[in-house]
Amino acid sequence: MLQFDQLTYLDMPNTNCKTISRIILENSDLKLRYYEPNSPLKRQKKVDDIIFISLHSPIELWMNSYYKFCNKRGLLYQKYSGVQELKEGNIGEVRHFEMFIKMVFDIKNSKIISSSYYKFRSLGLGLQSLRFLNLSVSEFAYLNKTIRSVGDLKYIIQNYSVVDFILNSDYIERDLEIFNQNFLAGVLRLQHIDWNSYSALLLPDYKKLGFSMLEIEKVTRDLILESERLIPTLEKDCK
């Protein structure tokens with residue numbers, strides 16, 4: 001989370017959040033008041049708060065997570081790096097990605113991440129959904145204790161979400177412009193940005209893999225989309 005005076009950015013992992021943060025800091029006079037990576041709002045939302053979050057579609061989120069795993073970074077590498085089948089990652093092979101997904105979504109392995117993820121897998125939901133709700137829902141850690149069904153989660157999203165705007169990380173330039181005009185009264189100096197200077201940073205990790213989304217087996221895509229169905233639909237969801 002990056003907290004400015006009346007603007008808060010919920011920096012969800014694997015959504016190009018570092019680049020988005022850099023663009024905001026380098027192209028505005030907003031003063032950063034508080035920074036804690038990938039953390040939720042620590043207080044009740046105020047009437048004049050403006051809060052946004054960045055997202056990829058579920059498959060892209062998992063491809064980014066996989067790229068990070070293969071490069072020995074991130075939570076999943078810390079938790080699962082000892083799994084024999086995945087010790088020698090080959091980011092050029094789609095079959096290895098599918099093996100990775102099968103492992104992470106196996107309910108027997110979910111407790112390695114956390115008890116909260118085990119609860120989500122018991123409901124047929126995925127880790128990216130847990131991350132999204134943890135950031136976007138006020139006091140989700142407390143509310144999570146009351147959850148018994150997916151219906152409970154949908155109710156919580158509808159009634160306790162603090163998010164005013166969802167930025168699609170595949171369209172950062174476009175969505176920042178929309179957000180700037182509709183919510184920030186133009187405080188971001190986007191008209192002066194040389195977007196070419198950010199081009200390398202804007203390239204999402206999944207684009208660096210040796211395979212495309214469409215090469216992934218349908219059964220794996222369906223598993224991801226069904227498990228991460230609480231994440232809002234974006235343009236590049238792959239049916």
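Modeller: This is a predicted model. Leaving aside its neighbours within four places in sequence, H56 is in contact with N14, T15, L61, N64, S169, D170, P204, Y206, I231 and L234. The place of H56 itself is in the loop between β4 (50-55) and α2 (58-70).

Biologist: Why is H56 called buried?

Modeller: Buried means under 20% relative accessible area. H56 has a relative accessibility of 0%, and therefore counts as buried.

Biologist: What makes the pair H56 and D170 a polar contact?

Modeller: The cut-off for a pair of N or O atoms is within 3.5 Å. The side chains of H56 and D170 are joined at 3.5 Å, and this is a polar contact.

Biologist: How far apart are H56 and T15 in sequence and in space?

Modeller: They are separated by 41 residues in sequence, while their C-alpha atoms are 5.8 Å apart in space.

Biologist: How do you know that the length of α2 agrees with its number of residues?

Modeller: The expected span is 1.5 Å times one less than the number of residues. For the 13 residues of α2 this should give 18 Å, and the end C-alpha atoms are 18 Å apart, so the two values agree. After α2 comes K72, whose phi is positive, near 60 degrees.

Biologist: What makes a set of residues a nonpolar core, and which residues have the most contacts inside the largest one?

Modeller: The residues must be buried, of nonpolar kinds such as Leu, Phe or Trp, and joined through side-chain atoms within 4.5 Å. The largest such core has 51 residues, and those with the most contacts inside it are W62, M63, L76, F97, F100 and V104. The element that gives the most to this core is α2, with eight residues. A second, separate core has 21 residues, including L7, I24, L167 and Y198. As for F97, its contacts beyond four places in sequence include W62, M63, Y66, F211, I216, T220 and I224.

Biologist: Which residues lie nearest the centre of the largest pocket, and which element gives the largest share of its lining?

Modeller: The largest pocket has a volume of about 920 Å³. Its lining has 38 residues, of which P13, N14, C17, N38 and K68 lie nearest the centre. Elements giving two or more residues to this lining include α1 (17-26), α2 and α3 (75-80). The largest share, five residues, comes from α7.

Methods: Residues numbered from 1 in each chain as written. Predicted model: local features only at pLDDT ≥ 70, side-chain atom pairs only at ≥ 80, totals over all residues. Heavy atoms only, no water. Helix = DSSP H or I, 4+ residues; strand = E, 2+ residues; numbered from the N terminus. Buried < 20%, exposed > 50% of the residue type's maximum accessible area, 1.4 Å probe, protein only. Contact = heavy atoms within 4.5 Å. Polar contact = N/O pair within 3.5 Å; in protein donor to acceptor, adjacent residues only side chain to side chain. 1 Å grid on protein atoms, 1.4 Å probe; cavity = no way out; pocket = protein on both sides within 12 Å on 5 of 7 lines; lining within 4 Å. Points joined across faces, edges and corners; volume = space filled by probe spheres on them.
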